[in-house]
Amino acid sequence: VQDASGGRAWLARLAGADLFIGVPRARRAELEAVAEAITSTVGAETERHPMLLGVDIGGAIAAADEAAGVLLRRAHIALVDARAEPGSGPRIVVPG
């Protein structure tokens, strides 16, 4: 994730297994690269402990002067949408 974000990403646990990864001033392509890094890492098989893991990713790009609470709400809605269709890939919403 740090490589995909140019070392700008930070992580916070929200609740249960829900995590928030912030990438300041990210563009959509950067968020997609971070999502791909997470998906490929979580989905990678290990020889010692084979298991099937999945990940649902929702993200949002902040609008100019958007309040943090509004941004988090939009990211949460994107995550709910991603969870509704498992395996459909990340949902990243843009302002507008």
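Analyst: Begin with burial. A residue counts as buried when its relative accessible area is under 20%. Keep in mind that this model is predicted.

User: Is leucine 31 buried or exposed?

Analyst: Leucine 31 has a relative accessible area of 17%, so it is buried. Leucine 31 sits in helix α1, residues 28-43.

User: What does leucine 31 touch, beyond residues up to four places away in sequence?

Analyst: Its contacts are Val23, Ala26, Ala60, Ile61 and Ile92. Glutamate 66 is 35 residues from leucine 31 in sequence, and their C-alpha atoms are 18 Å apart.

User: Which residues of α1 are buried?

Analyst: Here is the general idea. An α-helix has 3.6 residues a turn, so residues three or four places apart point the same way. Now the case here. Leu31, Val34, Ala35, Ala37 and Ile38 are buried in α1. They cover an arc of only 155 degrees around the axis, which means they lie on the same side of α1.

User: What do the buried residues of α1 pack against?

Analyst: They pack against three strands: β2 (18-22), β3 (58-60) and β4 (91-93).

User: How many residues does the largest nonpolar core have?

Analyst: It has ten, among them Ala9, Leu31, Ile57 and Ile92. Helix α1 gives the most to this core, with four residues.

How values were computed:
Residues are numbered from 1 along each chain as its sequence is written. This is a predicted model: local features need pLDDT of at least 70, side-chain atom pairs count only at pLDDT 80 or more; totals for chains, interfaces and linings use all residues. Side-chain values use heavy atoms; hydrogens and water are left out. Helices (H or I, at least four residues) and strands (E, at least two) are DSSP runs, numbered from the N terminus. Buried means under 20% relative accessible area, exposed over 50%, partly exposed in between (1.4 Å probe, protein chains only). Contact means heavy atoms within 4.5 Å. The arc is that of the directions from the helix axis to the C-beta atoms. A nonpolar core is a set of buried Ala, Val, Leu, Ile, Met, Phe, Trp, Tyr and Cys residues joined through side-chain atoms within 4.5 Å.
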